[in-house]
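Please read them with the sequence and the structure open beside you.

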Amino acid sequence: MSRPMKRPVRIAVTGAAGNIGKALLSQIGAGSLFGPDQPVILQLIELPQAIDQLRGAAMELEDCAFPLVHSITLHTDSATGFADAHYAFLIGAMPRKQGMERADLLQANAEIFSLQGRMINDHANPDVRVLVVGNPCNTNAMIASRNAPDLCPTQFTAMSRLDHNRMAGILANRIGYNPANLRKLIVWGNHSATMVPDIDHGNCFGQPLTELVDDKWFKDVFVEKIQKRGAEIIQTCGHSSTLSAARSAVDHMNSWANGTRADDYASMGVISDGSYGITKGIHFSFPVHCNYGRYQIVQGLQLNPWLQDMIKRTEDELLKERELVQDLLPKETEARHNNFSRDYSNGREQTSGEHFLSAQKISEHE
Ligand code: NAX
């Protein structure tokens, strides 16, 4: 006898006609995100100039005939796009153009993510879980959260899972094991070239990774390889990570909603509550445990001086980014974020309540 289907959940995706967006949608449609008994309503959000690409993507999804796709709605207005969403993947962002300074890129994206934060606050399900993929994702997550006064800052996260997965894939090949057997890898800090890969607490079948991996290779080759892997992929094939980014977005949301193994960590960009001395209020990648739809930052790990120094550098970079977008951070939410306490870092319970089911399989909204 087949298992009964659950009620559909609403998943909003911005930048849905882009490279990562399309790869993500095919994984969600195939059931990689929440399993074979969880139907989904896909609320796809794009810029008006990309509406034809979005229509094409929706037609392809229809042609995939995924049994789990209950319905698809297309939006160029984020108010309707985020309406009642239980999960939101914020992928669409302004790409860096020639001659653009990092400060200009931050500012342009800050405007996008402050608007999206407000729209999610006003229109999404109150228990929505948000993953920011669009770069600079840590600072964009902070901006969206600062613009969502009615939601808990723990509902906004940034993606460092790709860096975590890159560590697992490359290390596993190096030492000749399956990536699934590597436990407790960590990525600290910003999703940028300052991120800090850490294997000090990791193991493979109980054996410390520091015993399996040569320290000189780790520090001189591996760390930089992970930090620059995105650039290496662009240089090699002419476009940024697509399949691995989509896979990591699925893994991130899956860990968050369904939990991590008791003997493993996930790396997630989450609001700092001061753990490990990191300034409160910035979105920083920490090792987390997830359970019952909540995450908690792993506490009490010893950090060697080399790691501490690198972690300080990535924190400084995020503080500089915050400085550059100060004008888009409302005063109203400043105290709540900058005094953020671990006591609140439990997130919200997931609700799977479903309110409006679309009559049509694909419908468009202005
Ligand atoms: P694409 O250029 O293929 O797609 C982006 C899509 O977003 C476009 O279709 C565009 O029309 C849309 N878009 C732009 N602004 C929007 C807005 N305000 N609302 C709705 N849609 C909007 O880029 P893609 O390769 O998919 O990358 C998307 C983002 O992911 C980029 O910012 C990229 O830097 C970032 N990445 C983040 C990663 C991470 O680990 N956090 C890794 C992969 C990737 O580099």
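How do the residues of the shell around the ligand divide into nonpolar, polar and charged?

1. The model is a predicted one, and the points below should be read accordingly. The residues of the shell around the ligand divide into 14 nonpolar, 13 polar and one charged. In total 28 residues surround the ligand, and the closest of these are Gly15, Gly18, Ile20, Gly92 and Ala93.

2. As to where the shell comes from, helix α1 gives its largest share, three residues, while domain 1 (9–160) and domain 2 (161–318 + 341–347) each contribute at least three residues to it.

3. Just after α1, Gly31 adopts a positive phi of about 95 degrees.

4. The protein is divided into domain 1 (9–160) and domain 2 (161–318 + 341–347), and the contact between them takes 27 residues from domain 1 and 36 residues from domain 2. On the side of domain 1 that touches domain 2, at least two residues are supplied by each of α1, β4, β5 (129–132), α5 (137–146) and β6 (156–158), with α5 providing the largest share, six residues. By class, this side of domain 1 has 16 nonpolar, 10 polar and one charged residues.

5. The largest nonpolar core has 95 residues, and those with the most contacts inside it are Ile11, Val13, Ala88, Val132, Val133, Ala144 and Ala249. Because domain 1 (9–160) and domain 2 (161–318 + 341–347) both give residues to this core, it lies between them. Leaving aside residues up to four places away in sequence, Val132 touches Leu90, Cys137, Asn140, Ala141, Ala144, Phe156, Ala158 and Met159.

6. On the overall fold, the protein has 12 helices and 15 strands, and 45% of its 366 residues count as buried. Among contacts with a separation of 6 or more, 77% are between residues 24 or more positions apart.

Definitions and conventions
Residues are numbered from 1 along each chain as its sequence is written. This is a predicted model: local features need pLDDT of at least 70, side-chain atom pairs count only at pLDDT 80 or more; totals for chains, interfaces and linings use all residues. Helices (H or I, at least four residues) and strands (E, at least two) are DSSP runs, numbered from the N terminus. A residue is buried if 20 or more other C-beta atoms lie within 10 Å of its own, exposed if 12 or fewer, and partly exposed in between; C-beta atoms are placed from the backbone. Two residues are in contact if their C-beta atoms, placed from the backbone, lie within 7 Å. A residue is near a molecule or strand if its C-beta atom, placed from the backbone, lies within 6 Å of it. Ala, Val, Leu, Ile, Met, Phe, Trp, Tyr, Cys and Pro count as nonpolar, Asp, Glu, Lys and Arg as charged, and the others, Gly among them, as polar. Domain bounds come from an automatic or database domain assignment. A nonpolar core is a set of buried Ala, Val, Leu, Ile, Met, Phe, Trp, Tyr and Cys residues joined through C-beta atoms within 7 Å.
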